Amino acid sequence: MVQNTPEKISVAVPRMPDADMVLPYLRRIDDARYYSNFGPLVQEFEARIAAGFGVDTDCVTTVANGTAALILALRAGNPPPGSLCMMPSWTFSATAHAAREAGLTPFFVDVAPDNWALTPEIAGAALANAPGNVAAVLPVAPFGAPIGYDRWDEFSEATGIPVVIDAAAAFDTAQPGRAPVVISLHATKAVGIGEGGLIISRDPELVAKARSLSNFGFQQSRAAALPGFNAKLSEYAAAVGLAALDAWPFVRTGYVRLAQTYAAALSAIPGLSVMPGFGQGWAGTTCNVELIHPATGAVARELARAGIESRQWWGRGCHQQSAFAYYPSASLAVTRHLANHTLALPFHLGLGPGEMNRIVTTVADGLAESAEAAVSAPLDQRAAAQAS
Ligand SMILES: Cc1ncc(COP(=O)(O)O)c(C=O)c1O
């Protein structure tokens, strides 16, 4: 008997502009014979980004990728080498790598349970017990969800500590203030161009400095005025970027609708909640859920058996990764909870109602089974599970 194996559902499938959409821009490169060095397409891309975010064009600079953009934005604030950069452990490893590459020591702190983000309150409390001089704070907009951007400018003014906001996945929700906001244009992001990044700030001097640092430290001439490197975006990447902006209204609507439908379907599952803010009218490219029981392993296995990929995008937090194991951290109770209780489900524009139904049913089955297992487990095992 032939058994039909269900079609695999991938956890992420990037949505980039197709070749036909990019072609008119590539033709312009052929005509202009200008390939890099902030050429006409990069300038047009930056101008459209600035208009979209409601800032002047000199408030935006493009960068080769989001990690380099974080390094440049941090370095533009002149932090003394070796001092601490406070950041959530609940983030992608790029956040910590960027601080280290900017000459800083990551100092991992916790996030708030209601938005999974570092807040000014948590940062203020952690400052009092910091094991050294905190020269920068690097909050993260988790998975592109909205955070209180203006409050970070207030924090910076009150403490005198520069803030850089890692809004890698937050193209749709970022609200740039004076604190530079860094957005990734990696293929997996809502506006993906392959590799790319943006620094946006209402402080044009800071943006000009980051831009100079991304271009060998050149300012008025080809003599290095600052110790920079090369992190410029090429004209080819800008061509994809312009095509991605053409497609954005349509792509955005797709992500917003998908999240709304998904959130409604998932909310019917007992013992599960979607990530704070998910399905509330903004576009991101991930669907993270929080489980009441620490049953992520059991649910992930059930999904894998059904041919459905899942992921823990941020693993157990940065502080658990060997590259960062020796850096200082504060109490990380919420981070530990999120590491044990959250899982990312497939989320991409190719998901139809049939796939979504398969995912939701399998998650519900996996959760129900692990809840039964929890009830029948010996008491000492239950106590251990609850403590995690
Ligand atoms: C939170 C966070 N910060 C930084 C980055 C780095 O961006 P890039 O991949 O463009 O270097 C990412 C990428 O996924 C991210 O999720």
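Student: How many of the 10 residues of helix α7 (residues 204-213) are buried?

Tutor: This is a predicted model, in which local features need pLDDT of at least 70 and side-chain atom pairs count only at pLDDT 80 or more, while totals for chains, interfaces and linings use all residues. Residues are numbered from 1 along each chain as its sequence is written.

Helix α7 is mostly covered, with seven of its 10 residues buried. A residue is buried if 20 or more other C-beta atoms lie within 10 Å of its own, exposed if 12 or fewer, and partly exposed in between, with C-beta atoms placed from the backbone. The helices (H or I, at least four residues) and strands (E, at least two) are DSSP runs, numbered from the N terminus. The buried residues of α7 are Leu206, Val207, Lys209, Ala210, Arg211, Ser212 and Leu213. They pack against the elements β1 (60-63), α3 and β7 (197-200).

In total, 14 residues surround the ligand, the closest being Gly66, Thr67, Ala94, Ala168 and Ser184. A residue is counted here if its C-beta atom, placed from the backbone, lies within 6 Å of the molecule.

Of the 388 residues of the chain, 47% count as buried. The largest nonpolar core has 121 residues, and those with the most contacts inside it are Leu72, Leu74, Cys85, Met86 and Val182. Such a core is a set of buried Ala, Val, Leu, Ile, Met, Phe, Trp, Tyr and Cys residues joined through C-beta atoms within 7 Å. Helix α8 (residues 235-266) gives the most to this core, namely 13 residues. The core lies between domain 1 (19-243) and domain 2 (248-387), because both give residues to it. Cys85 illustrates the packing: leaving aside neighbours within four places in sequence, its contacts include Leu74, Ala99, Phe107 and Leu138. Two residues are in contact if their C-beta atoms, placed from the backbone, lie within 7 Å.

The domain bounds come from an automatic or database domain assignment. The centres of the two domains, taken over C-alpha atoms, are separated by 28 Å. Their contact takes 32 residues from domain 1 and 29 residues from domain 2. On the side of domain 1 that touches domain 2, α4 and β3 (105-109) each supply at least two residues. Strand β3 gives the most to that side, with five residues.

Leu349 counts as partly exposed because 15 C-beta neighbours lie inside 10 Å. Leaving aside its neighbours within four places in sequence, Leu349 is in contact with Arg15, Gly254 and Leu258.
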